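Visitor: I have a chain open here and would like to talk through it. Can we start with the helix packing?

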Amino acid sequence: LRTAATGGATGPTQFLLEGVKVKTGYTANWLKRHGAAPGSSIVMTPTAFMTEKAWLEMAEARAKGIRAMPIIKDHPGWWVLDILDGCGPHFSCPKALAIYWSYLIRQAASVSQ
């Protein structure tokens, strides 16, 4: 899951990997040292597909990373619209939605033709 803005800035990227435990040393700081934006994370799921649990696990860091993006960070009172694919867990986890809301971030589903 990669975040980008119309101004060309890159925001947080979430990596979903199959398994139970992230390999030792593969942290948010490791991602940052290798070029990932603030708020990026590695989340493990049984199938490497998005789940509500994974979405909740990454929501706080992702929201903070979106808020740290150029232009957005200069306007802390502005709402942000995060347009995502229609994957169910992005919209069906009330706790993750509440985290986003607390950072003034709304979610919307993209519509493909």
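Guide: This is a predicted model. In it, helix α2 (residues 52-67) packs with helix α3 (residues 94-102) at an angle of about 10°, and their axes are 9 Å apart.

Visitor: What does an angle of about 10° make α2 relative to α3, parallel or antiparallel?

Guide: Roughly parallel, because angles under 35 degrees count that way.

Visitor: Which residues make the contact?

Guide: From α2, the contact uses Trp-55, Leu-56, Ala-59, Glu-60, Arg-62, Ala-63 and Ile-66. From α3, Lys-95, Ala-96, Ile-99 and Tyr-100 take part.

Visitor: Stepping back, what is the order of elements in the protein chain?

Guide: Starting at the N terminus, the order is β-β-α-β-α-β-α-β. That gives three helices and five strands.

Visitor: How does the radius of gyration of the protein chain sit against a compact globule?

Guide: It agrees: a compact globule with 113 residues would be near 13 Å, and the protein chain has 14 Å. Along the principal axes, the C-alpha atoms fill a box of roughly 35 × 30 × 30 Å.

Visitor: What share of the residues is buried?

Guide: 35% of the 113 residues count as buried. The protein chain exposes about 7,100 Å², and 60% of that comes from carbon and sulfur atoms.

Visitor: Changing topic, where is Phe-91?

Guide: Phe-91 is in the loop between β4 (80-84) and α3. Its relative accessible area is 29%, so Phe-91 counts as partly exposed.

Visitor: Which residues does Phe-91 touch, leaving out those up to four places away in sequence?

Guide: Phe-91 touches Leu-84, Asp-85, Gly-86, Leu-97, Gln-107, Ala-108 and Ala-109.

Visitor: Which residues have a positive phi although they are not glycine?

Guide: Ile-71 is one, with a phi of about 70°, and Leu-104 is another, at about 60°. Most residues other than glycine have a negative phi.

Visitor: Where are they, and are they buried or exposed?

Guide: Ile-71 is in the loop between α2 and β4, and at 57% relative accessibility it counts as exposed. Leu-104 lies in the loop between α3 and β5 (105-109), where its relative accessible area of 23% makes it partly exposed.

Conventions
Residues numbered from 1 in each chain as written. Predicted model: local features only at pLDDT ≥ 70, side-chain atom pairs only at ≥ 80, totals over all residues. Heavy atoms only, no water. Axes fitted to C-alpha atoms, helices over the stretch in contact; angles between N-to-C directions. Helix = DSSP H or I, 4+ residues; strand = E, 2+ residues; numbered from the N terminus. Parallel < 35°, antiparallel > 145°, perpendicular 65-115°, else oblique. Contact = heavy atoms within 4.5 Å. Rg over C-alpha atoms; globule rule 2.2 N^0.38 Å. Buried < 20%, exposed > 50% of the residue type's maximum accessible area, 1.4 Å probe, protein only. Areas by Shrake-Rupley, 256 points an atom, 1.4 Å probe, with all protein chains shown as cover.
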